[in-house]
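I opened a new model today and kept notes as I went. Here is what I looked up, entry by entry.

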Amino acid sequence: MSIFRNMRSRQMRGLLLKEFREVWRDRRALGITLGFTLLFPLLMIGSGALSYKVMSETSFAVAVVGGEHAPLLEEQLRGGDLRIEPLQGGVPQELLQGKYDVVLQIGKNFAEDYRDLLSPTVYLYVDSADKSGGRGAQRVQEQLARLQQTIMQQRLAVRGIAAQTLSPWQLEVRDVSTPSSRGVAILGLMVPVLLIMGLMVCSTAPSIDTSAGERERMSVEILLQQPLSGWQVVVAKVLAVTSIAWFGALLSLAVLTISFSLLPLAEIGVRFSAGLSELIAMSIILLPLALLVAVLQILLSLRSRSFKDAQVQLSILQALPVTLLVGLKLSNIELDAPIWQLVPLVGQQQWLSALMAGEPISTRLALAGSVVTLSLVGLCILVGARALRRESLLGAT
Amino acid sequence: MIRVDSVYKKFAAKPILRNLSFSAADGQVTALLGANGAGKTTCLRIIAGLLKADRGKVFVGGLEPSQHPKDVRRQLGIVGDREGLYERLTVAEYLSFFASAQGLAGTELEEALLAVKGELELSDLWNRRTKGFSQGERMKVSLARALVHRPAHLILDEPTRGLDVLAARLLRKTLLRLRSEGSTILFSSHIMAEVLELSDSVLVMADGAIVGSGTPDELMAQTGCGNLEDSFVRLAYGDLREGSRHEYF
């Protein structure tokens, strides 16, 4: 019995060394891993930072055409984030194409109509295709509304009417969310999806190379001529592919963590609260999923007709988890229910979301969910071992 | 000894092997001659336990590959029609992997590696990755892989294909040494001079069956031909004329 165990462990050691060397020396796989894990998070965060910069732009150029007809109005708009520039004339459309975000046009009858309480029209020109124009117009509207409210109250007071008559109640919205919970809402889908995508993308090239590639190069026949069990071959391949996929996901996580610490998330009321223990927990949680992703990709590649066919099939598979997670997120399903945490992929997404916000997860449920995922991995390994016995694998039909 | 007994195998209703029977004795070199598509590769795959025969039995060292695939594979060293190299591994890593797959470890493994390194003159290639190797170098490494665990039975599919003169001489020397050590050697070839030099007995295969067997001299006597090539052509293709024979090679 011990002789067989020794033999198996020698074979397994040799197989693992071979598969790890093959995978980690595959420049294409490494290139994809580094490219995706380093560039994709940076690209996402960069575009987020850019949008934030645009959103937080504090100054809008407002051209006031005909401001001399309402000097008080023009005066009241000044200050804050509006840069008011009075102009004697000009075509609003042309002004908007120039340096102005918004053009306010006041008619020459404004003062007279205002005095007669005729509610004169003021035109606000904006190019809604221009982001800062839209927000500039919103700021001018808010400023004007405040001024309008003040004037209305003054007019009512002069006539002996309490201003509250026109406002039966005041509505004040109070946001009870915490920075962490806003972090979950905003980053809760993005980060897990990015990490899961990382697993998928990083394991695709080595999965294809180690199965369909090995078949195409005819080295699989030499491998099957050895006194090895099918499960040993599949396990070694799965572990090697998992190692690179997991490395990719961990690298993504590190890049995200560093980037979040450099971003002014607090200014938009969001906090990335994962500490070292949460990051370690996230890494451990990703491992069973990395194994499942690797074994599924290897299985599909083994069943495909050629290297190219495997590439097509795995490209489709890559989009599946993201589609599924976004679909579930948009549905009304209560994903934090215990039963959903046992479902591979959904469970991992839930735990990653919670850990990212520094919230606790149920260790019992996380263990149970990981066991379910690992059981699926075991089942897939057995299916893979069977697939290695197919005569068609050798090109025999 | 390798014994193939009434083996029948078909793919998609097309018979590839038709009650194929032959044996390759221990301490002998047996040559398997057959045109492309005669069923040689299928036969070798059944012997290695990679394919299952629809009917009939195969024995390698007294064991059936379908019943004891691992035990049979420990006794076999195979050089197929493709070298199956791993291009990201060095020769040393490649051979070390296959030695460990055969259960070797520690000093036993080191000694086995040193032995094939010396026998097949692999020193110059030893620490090089196999990507970019010439056909001859690939075949040499492939042969080293088949020999590293000292198998009792060696199966070679056109082993001198692509080898230069020196490498082919080295291979022939190795095979003759293995024969003298009692190994069973079954090899296929299209080079009649090589078959004549190496083989103790010759099997002529056509359409999935053995159509002639014996020593080269016996085959020539059976067919009444003056050389082995003509004997092979007569046995494999019957009355085909010279011009159409070459289509088969």
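**Domains of chain A**

I began with distance: the centres of domain 1 of chain A and domain 2 of chain A, taken over C-alpha atoms, are separated by 56 Å. I noted that this is a predicted model. Next I looked up the bounds. The domain assignment gives domain 1 of chain A as 2–53 + 179–394. Domain 2 of chain A covers 57–166.

**Where chain B touches chain A**

I then turned to the contact between the chains. Chain B brings 25 residues to this contact, and chain A brings 26 residues. Which elements give two or more residues to the side of chain B that touches chain A? I found α2 (69–75) and α3 (91–101) of chain B. With five residues, α3(B) gives the most to that side. I also sorted the side of chain B that touches chain A by class. It has 13 nonpolar, five polar and seven charged residues.

**α10 and α14 of chain A**

Helix α10 of chain A spans residues 276–303, and helix α14 of chain A spans residues 363–387. I looked up how they pack. Their axes come within 9 Å and cross at roughly 20°. An angle under 35 degrees counts as roughly parallel, so α10(A) is roughly parallel to α14(A). The crossing of α10(A) and α14(A) is left-handed.

I listed some of the residues in contact. From α10(A) they include A:Ile285, A:Pro288, A:Leu292, A:Val295, A:Leu299 and A:Arg303. From α14(A) they include A:Ala366, A:Ser370, A:Thr373, A:Val377, A:Ile381 and A:Gly384. By class, the contact of α10(A) with α14(A) has 18 nonpolar, three polar and one charged residues.

**α9 and α14 of chain A**

I stayed with α14(A) and checked another partner, helix α9 (residues 230–262) of chain A. At what angle do α9(A) and α14(A) pack? I read about 120°, with the axes 8 Å apart. That makes α9(A) oblique to α14(A). The crossing of α9(A) and α14(A) is right-handed.

On the α9(A) side I noted A:Gly230, A:Trp231, A:Val234, A:Val235 and A:Val238. They meet A:Ile381, A:Leu382, A:Gly384, A:Ala385 and A:Arg386 in α14(A). The contact of α9(A) with α14(A) counts seven nonpolar, two polar and one charged residues. A:Ile381 and A:Gly384 are also among the residues of α14(A) in contact with α10(A).

**The annotated span of chain B**

I looked up the record for chain B. An unreviewed UniProt entry lists residues 2–232 of chain B as "domain: ABC transporter". I checked that span in the model. Its end C-alpha atoms lie 22 Å apart. Residues 2–232 of chain B are 39% helix and 26% strand.

**α8 and α9 of chain B**

My last entry is a helix pair in chain B. Helix α8 of chain B is residues 216–223, and helix α9 of chain B is residues 228–237. Their axes come within 9 Å and cross at roughly 60°. The two helices, α8(B) and α9(B), are therefore oblique to each other. I noted a left-handed crossing for α8(B) and α9(B).

α8(B) contributes B:Pro216, B:Leu219, B:Met220 and B:Thr223. α9(B) contributes B:Leu228, B:Ser231, B:Arg234 and B:Leu235. The residues of the contact of α8(B) with α9(B) are five nonpolar, two polar and one charged.

Definitions and conventions
Residues numbered from 1 in each chain as written. Chains lettered and ligands numbered in written order. Predicted model: local features only at pLDDT ≥ 70, side-chain atom pairs only at ≥ 80, totals over all residues. Domains from an automatic or database assignment. Contact = placed C-beta atoms within 7 Å. Helix = DSSP H or I, 4+ residues; strand = E, 2+ residues; numbered from the N terminus. Nonpolar A, V, L, I, M, F, W, Y, C, P; charged D, E, K, R; others polar. Axes fitted to C-alpha atoms, helices over the stretch in contact; angles between N-to-C directions. Parallel < 35°, antiparallel > 145°, perpendicular 65-115°, else oblique. Left-handed = near helix turned anticlockwise from the far one by under 90°. UniProt positions renumbered as here; feature names shortened; annotations may be inferred.
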